[in-house]
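Me: Could we go through the salt bridges and then the chain contact of the structure below?

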2 protein chains.
Amino acid sequence: MMRTRPLKVALLGCGVVGSEVARIMTTHADDLAARIGAPVELAGVAVRRPGKVREGVPAELVTTDATALVKRGDIDVVVEVIGGIEPARTLITTAFEHGASVVSANKALLAQDGAALHAAAEEHGRDLYYEAAVAGAIPLIRPLRESLAGDKVNRVLGIVNGTTNFILDKMDSTGAGYQEALDEATALGYAEADPTADVEGFDAAAKAAILAGIAFHTRVRLDDVYREGMTEVTAADFASAKEMGCTIKLLAICERAADGGSVTARVHPAMIPLTHPLASVRGAYNAVFVESDASGQLMFYGPGAGGAPTASAVLGDLVAVCRNRLSGATGPGESAYAALPVSPMGDVVTRYHISLEVADKPGVLAHVATVFAEHGVSIDTVRQQGKDGEASLVVVTHRATDAALGGTVEALRKLDTVRGVASIMRVEGE
Amino acid sequence: MMRTRPLKVALLGCGVVGSEVARIMTTHADDLAARIGAPVELAGVAVRRPGKVREGVPAELVTTDATALVKRGDIDVVVEVIGGIEPARTLITTAFEHGASVVSANKALLAQDGAALHAAAEEHGRDLYYEAAVAGAIPLIRPLRESLAGDKVNRVLGIVNGTTNFILDKMDSTGAGYQEALDEATALGYAEADPTADVEGFDAAAKAAILAGIAFHTRVRLDDVYREGMTEVTAADFASAKEMGCTIKLLAICERAADGGSVTARVHPAMIPLTHPLASVRGAYNAVFVESDASGQLMFYGPGAGGAPTASAVLGDLVAVCRNRLSGATGPGESAYAALPVSPMGDVVTRYHISLEVADKPGVLAHVATVFAEHGVSIDTVRQQGKDGEASLVVVTHRATDAALGGTVEALRKLDTVRGVASIMRVEGE
């Protein structure tokens, strides 16, 4: 039963992702029509530089007036692949007001204003889908909000930034330092000229906020996510990790507290055992573990970025949203009924690997151990290495709160016998 | 906006999966109501043995008359976790006729009669969902038919049977033979008393048929799936695999032909490189690779069976189907518009590892190589080992059709100098 009047799509942005969306909409038009139940047609493409030749995008569809495009009134679905907060936010809101549903790949915007955008969608009875906003082609949003809708998710643990994974993987496999690995990532196109958003964890934090909100049916804003970048990870850290049978990954971790009454979301580098499936995620790939009451451990793996993979996620959403329009229904909207508080980083419980530079004389270990004990942080193992009056102590703790560990480190710095805290790294995935 | 009249669910079967479904529906009633937008209530449970005490299932809901239950007329969703062809098929059809949507975990039935059941659902404007039929808790059906709806899937390659993966993993890690590993799997409850459906590949073949149909938007019946069990895999095969840097897995493989005009689906043991992510899938876990034009390689990993994981998948479907009922819509039905022919096994192109017992005399390798050449099968490597007049030849081929390889082996068996063909194994995942 094929409807003949086509559904009209407005494409906002025609860069790496947008041009792939346009290309696939043209080359796979018959498949899309069969899967949707009606033909789907590109009705306009808003760009900043209209002069640029875009293969497969008819010149007459190109406009610089994105606002006029979303206000046309005959647009069924707006696909927003501009990125950033404005003008994307205003365009999406305007799209809802003028009757369109929206498919977006905009993690920064969703992490910051997801609740308001969902409210706007619901007010106008329209869909807001954004599978492409997290981990590129990997189906994550849909599994979390639909496949696991009858389960209780307790933890999401993942590698959600390809640039940093490429850099860390390079450091791990070649022994390179951070700057050298970053330079290679830049040369190969895996890192942007200004890599701040990736290496400082902003990108991963936005994704963590989105994932935590969906996984726990609550609102988690970008500001709620604790964030540490990976620019200070050193070759020495990788050497320490190897001694522990671990590697280092930049992880996004969303957890429900043991009592179920609150959640946490954080992004930071962490040691994980080489036997953990995330340890073998190479290059720019992404992978996300989801742990739930009934399903146990699930893992989703794939390319986390790139034009074609992201376009695949956008088009999957486009098909779903078009089907919804044909049936007069909308898909699942925001689900934030649980309204759980987001606890601060101090409440997070995990293990720690701490390297200390200490004086090589009797009694140092006793001093250090006393400080840990006074702060209620239980030590799992200590390794002591010394020469020429200098020594290092490597302490691995049992599980403790981040607040207790922070207090421990502060006190350690004040010890006469401790010359410095060389590194502190969390240990996850056990 | 919560509706107060509850949606009514009839549960057919209350075994390992059904009792978990009932338990979660009770313990998570508030969450389910919030996620659906209306309360959902267990209205009846059809069982064979009514006397058995089932924790959490009120005795007054239990009935032995499944037919009367699905005919009640006030049932919104029938959850079928009986398994097998009859009476499940008739009960599902009857459910549609009486206005219910259906969630099923029945791979055998879906693989055999999926088209007819989808047609019945569509005729009555109802949903038929069955995420739990393939790979337990792992979201696969929904990602394939929704997340990848805008992409072109070219291959699905996976471990979809936990029992056989447990056995093969045990053989790999301990050097045990098939029978010994099977005995352990049986003792630990990973294998049933009659393991035929698992070890002969029937279970995996049903899943392959379902996955191929959804992935390629065409009909693939159980009879279309080539099937070889893993009962003849030996410790010697694992030793050979190790020499190649491989292990052995029972794989379900669904492929689109290079020209796109046909598909194949098959289940058989195969060598895969240790570097392939599927090689490290341990114990009873399942994992499925999906390769598509735009998304590239995706992998989905998790527990492939068990009461709670399967119940998680059932409940995810239940939430979706309930939402659809509330909005008066239905989810995606069968998508078989591509109507691609399913090619026979002879057309499959892959690589092969062949062990031959040969006479240890000059000229044998030349004879053997000639036979391969005559059948158009190109040899990648040959390894020759000999002692006391007996020798073995291990040949690894380049890619060739299964028909050409079959012809080669038939001709090899006729050579005077070939005493026997010790094993033939396909090599995948490269």
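Me: How many salt bridges does a search of the whole structure find?
Reply: The search finds 48 salt bridges over all chains, a salt bridge being a side-chain nitrogen of Lys or Arg within 4 Å of a carboxyl oxygen of Asp or Glu. This is a predicted model, in which local features need pLDDT of at least 70, side-chain atom pairs count only at pLDDT 80 or more, and totals for chains, interfaces and linings use all residues. Side-chain values use heavy atoms, without hydrogens and water, residues are numbered from 1 along each chain as its sequence is written, and chains are lettered from A and ligands numbered from 1 in the order in which they are written.

Me: Which side chain meets A:Arg325 in a salt bridge?
Reply: That of A:Asp76, at 3.1 Å from N to O. The pair links distant parts of chain A, 249 residues apart: A:Arg325 is in helix H12 (residues 307-327), and A:Asp76 is in the loop between helix H3 (66-70) and strand E4 (77-80). Helices (H or I, at least four residues) and strands (E, at least two) are DSSP runs, numbered from the N terminus.

Me: Is A:Asp76 buried or exposed?
Reply: A:Asp76 is buried, at 7% relative accessibility, whereas A:Arg325 is partly exposed at 23%. Buried means under 20% relative accessible area, exposed over 50%, and partly exposed in between (1.4 Å probe, protein chains only).

Me: Now the interface. How many residues does the contact take from each chain?
Reply: It takes 44 residues from chain B and 44 residues from chain A, contact meaning heavy atoms within 4.5 Å. About 3700 Å² is buried between the chains, with carbon and sulfur atoms giving 57%; buried area is the accessible area (1.4 Å probe) that two parts lose on being put together, summed over both.

Me: How many salt bridges cross the interface?
Reply: Two are found between chain B and chain A. In B:Arg142 and A:Glu146, the side chains meet in a salt bridge at 3.6 Å, N to O.

Me: What about strands, and what stands opposite A:Met299?
Reply: B:Tyr301 in E12(B) stands opposite A:Met299. Strand E12 (residues 296-303) of chain A and E12(B) run antiparallel and are joined by three bridges; two strands pair if DSSP finds at least two bridges between them.
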